[in-house]
Amino acid sequence: MGTLGNTAEQDARDDELGEEEIVERIFEAIIDQRLPPGTKLSEAALCEAFNVGRMRIRQSLLLLASREVVDLLPNRGAFVASPTAEQAREVFETRLMIEPNVARLAAERATDEDLKTLGRHLRLEHEAHQGNKRRDAIRLSGQFHVLLAEIAGNAVALRMVKELVTRTSLIIGIFGSPGVSNCRDEDHDEIFDAFRNKKADLAARLMEDH
């Protein structure tokens, strides 16, 4: 837990941290492999690390559990999730079923402002990859897929993609080698080109291959 405490102590607003910020910091520690799968997350240690009360930590752990990043075990406590190979396969199978159609809808519905937003996002992705910022690359890579779901304008699909992206980031963060991030950014470039050219079917095929 020391790595979390060091981060928290550097923030002058630790006593004001909300659940989402605590969740993000724990998630980052997992992606960075500072908290390996199976690690027990002590409520007392987290309270001390983030300088917040036990109720806020419990709410944060419930949020992490709802995203299947943390396992809450009766009478044992909270542990960093340890996805199995079968669970990982199911996540990617589900993404394959959903995301090509999301890409098709998004390509059909994207506005000029949406394209500008995607372009800015891709520049950030490139910078993260070129700077070997693995955590940022994983986060931005997942966000690209969430952006497409937002542009598609389907709230149900958006919720599903957000959950799948979070679980994928956990899987890649835990089991990927240090140089591996979620996606190849050149794949995202090709999908973006299909958007700019209003080629919805091509966007769907590229997403399927991706």
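A: Let's start with Arg-167 and Glu-163, which form a salt bridge with their closest N and O atoms 3.7 Å apart. A salt bridge here is a side-chain nitrogen of Lys or Arg within 4 Å of a carboxyl oxygen of Asp or Glu. The general idea is that side chains of opposite charge can pair when their charged atoms come close.

A quick note before going on: this is a predicted model, where local features need pLDDT of at least 70, side-chain atom pairs count only at pLDDT 80 or more, and totals for chains, interfaces and linings use all residues. Residues are numbered from 1 along each chain as its sequence is written, and side-chain values use heavy atoms, leaving out hydrogens and water.

Back to our pair. Arg-167 and Glu-163 sit 4 residues apart in helix H8 (residues 155-175), so about one helical turn separates them. Helices are DSSP runs (H or I, at least four residues), numbered from the N terminus. Arg-167 is buried, at 18% relative accessible area, while Glu-163 is partly exposed at 36%. Buried means under 20%, exposed over 50%, and partly exposed in between, using a 1.4 Å probe and protein chains only.

Searching the whole structure turns up 13 salt bridges. Now look at Glu-43, Arg-54 and Arg-58, which are linked in a network of them. Glu-43 bridges to Arg-54, with the closest N and O atoms 3.0 Å apart. That pair links distant parts of the chain: Glu-43 is in helix H3 and Arg-54 in helix H4, 11 residues apart. Glu-43 also meets Arg-58 in a salt bridge (3.0 Å, N to O), and these two are 15 residues apart, again in H3 and H4. Glu-43 is partly exposed at 22%; Arg-54 is partly exposed at 39%, and so is Arg-58, at 39%.

What about the helices themselves? H3 (residues 43-50) and H4 (residues 54-66) pack at about 110 degrees, with axes 9 Å apart. Axes are lines fitted to C-alpha atoms, for helices over the stretch in contact, and angles run from 0 to 180 degrees between N-to-C directions. H3 and H4 are therefore roughly perpendicular, the word for 65 to 115 degrees (under 35 is roughly parallel, over 145 roughly antiparallel, the rest oblique).

Residues of H3 in contact with H4 include Leu-46 and Phe-50, and on the H4 side Ile-57 and Leu-61 are among them; contact means heavy atoms within 4.5 Å.
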